[in-house]
Amino acid sequence: MYELNICHLYPDLLNLYGDRGNIIALKMRCKWRGINANVSDISIGDKFDAEAYDIIFLGGGQDYEQEMIQNDLLNEKGEEIRNAVKNDKVFLAICGGYQLLGSYYKTWDGKEIHFLNALNLWTVGGKERMIGNFVFECDFLKNDNYDGKIVGFENHSGRTYLGPEVKPLGKIVKGYGNNGEDGFEGAIYKNVYCSYSHGSLLPKNPALADHLISIALKQKYKDFESLSSIDDEFENLAHDTMVKRITG
Ligand code: GLN
């Protein structure tokens, strides 16, 4: 029987707008297929051994929470996280969690918070927040039955910019995304997937949830080929309803 170990980093501090739903979606979509999924919560002061996990999740947090975890993040867990990224570990990071994988975050009121530098990206705060439901399109998810559209909710003042080796997760159809300027949303680097999408992201975007589960299983089991299909009637209804509402 296949098994995945999922780590939720700082679940008590980085968990905005239902981000924990991503963990539930990953766990349930494994369980419905007979794949065992264990979830560990790791926060400030807890020992973190990245090798023990197959998927590492970081949710969103406001500037305040990001500052609160800064010390533990940089001094206790930073090296582990950077090495895990280098070694192709699967990550999902949302909003504040996405920002802190980058090199720094300059807040809208001028504070500079140093972050992990695990990915070549950086964030600069603006006075105006980027808020609303949004839709973007991921080429790597497109197939004959699916147009690759992802739906979510964004609320951030940070504008994120990507270095050349980091690719965007998708192209904005409606909304702001990374910075409201270049038309891109999120980031992909090795097996690290980042997005501004709360809402939460995975329950109503099952194709992305399955993509993450698949790459984690491929990393772990040589004989793994593909996931069995499951009934996504409700997930697709939520997804399609939101896409229609947002794009008009
Ligand atoms: N503090 C960050 C910002 O406002 C992240 C907010 C969030 O995670 N929603 O840009």
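Which polar backbone atom is 3.0 Å from an oxygen atom of the ligand? The backbone atom belongs to Gly96. The legends below describe close-up views of a predicted model.

**View 1. The ligand and the residues around it.** There are 16 residues around the ligand, and those that come nearest are Asp63, Cys95, Gln99, Asn155 and Gly158. An oxygen atom of the ligand lies 3.0 Å from a polar backbone atom of Gly96. At Gly158, a backbone N or O atom is 2.7 Å from an oxygen atom of the ligand. Tyr105 takes part through its side chain, where an N or O atom is 3.4 Å from a ligand oxygen atom. The ligand taken alone exposes 300 Å², and the protein buries 100% of that area.

View 2. An unreviewed UniProt entry lists Cys95 and His198 under "active site".

**View 3. Surroundings of Cys95.** Cys95 sits in the loop between strand E4 (90–94) and helix H3 (96–99). Its relative accessibility is 5%, and a residue under 20% is classed as buried, so Cys95 counts as buried. With neighbours within four places in sequence left aside, Cys95 is in contact with Gly60, Asn155, His156, Ser195, Tyr196 and His198. Cys95 also belongs to the residues that come nearest to the ligand.

View 4. The loop between strand E12 (192–195) and helix H4 (206–220) holds His198. Is His198 buried or exposed? His198 is buried, because its relative accessible area is 0% and the cut-off for buried is under 20%. The side chain of His198 makes a polar contact of 3.0 Å with the side chain of Asp19. When residues up to four places away in sequence are not counted, His198 touches Leu16, Tyr17, Asp19, Gly60, Ile94, Cys95, Gly152, Phe153 and Asn155.

View 5. The feature "binding site" is placed at Arg129 by UniProt, in an unreviewed entry. Arg129 is found in strand E7, which covers residues 121–137. With a relative accessibility of 33%, Arg129 counts as partly exposed. Which side chain makes a polar contact with the side chain of Arg129? The partner is the side chain of Gln62, at 3.5 Å. Apart from residues up to four places away in sequence, Arg129 touches Gln62, Asn155, His156 and Ser157. Asn155 and His156 are also in contact with Cys95.

**View 6. Lys77 in helix H2.** Lys77 is found in helix H2, residues 63–86. Lys77 counts as buried, at 0% relative accessibility. The side chain of Lys77 makes a polar contact with the side chain of Asp72, at 2.5 Å. Beyond its neighbours within four places in sequence, Lys77 is in contact with Leu9, Tyr10, Ile42, Ser43, Ile44, Gly45, Asp46, Phe48 and Asp72.

Methods:
Residues numbered from 1 in each chain as written. Predicted model: local features only at pLDDT ≥ 70, side-chain atom pairs only at ≥ 80, totals over all residues. Heavy atoms only, no water. UniProt positions renumbered as here; feature names shortened; annotations may be inferred. Helix = DSSP H or I, 4+ residues; strand = E, 2+ residues; numbered from the N terminus. Buried < 20%, exposed > 50% of the residue type's maximum accessible area, 1.4 Å probe, protein only. Contact = heavy atoms within 4.5 Å. Polar contact = N/O pair within 3.5 Å; in protein donor to acceptor, adjacent residues only side chain to side chain. Near = heavy atom within 4 Å. Areas by Shrake-Rupley, 256 points an atom, 1.4 Å probe, with all protein chains shown as cover.
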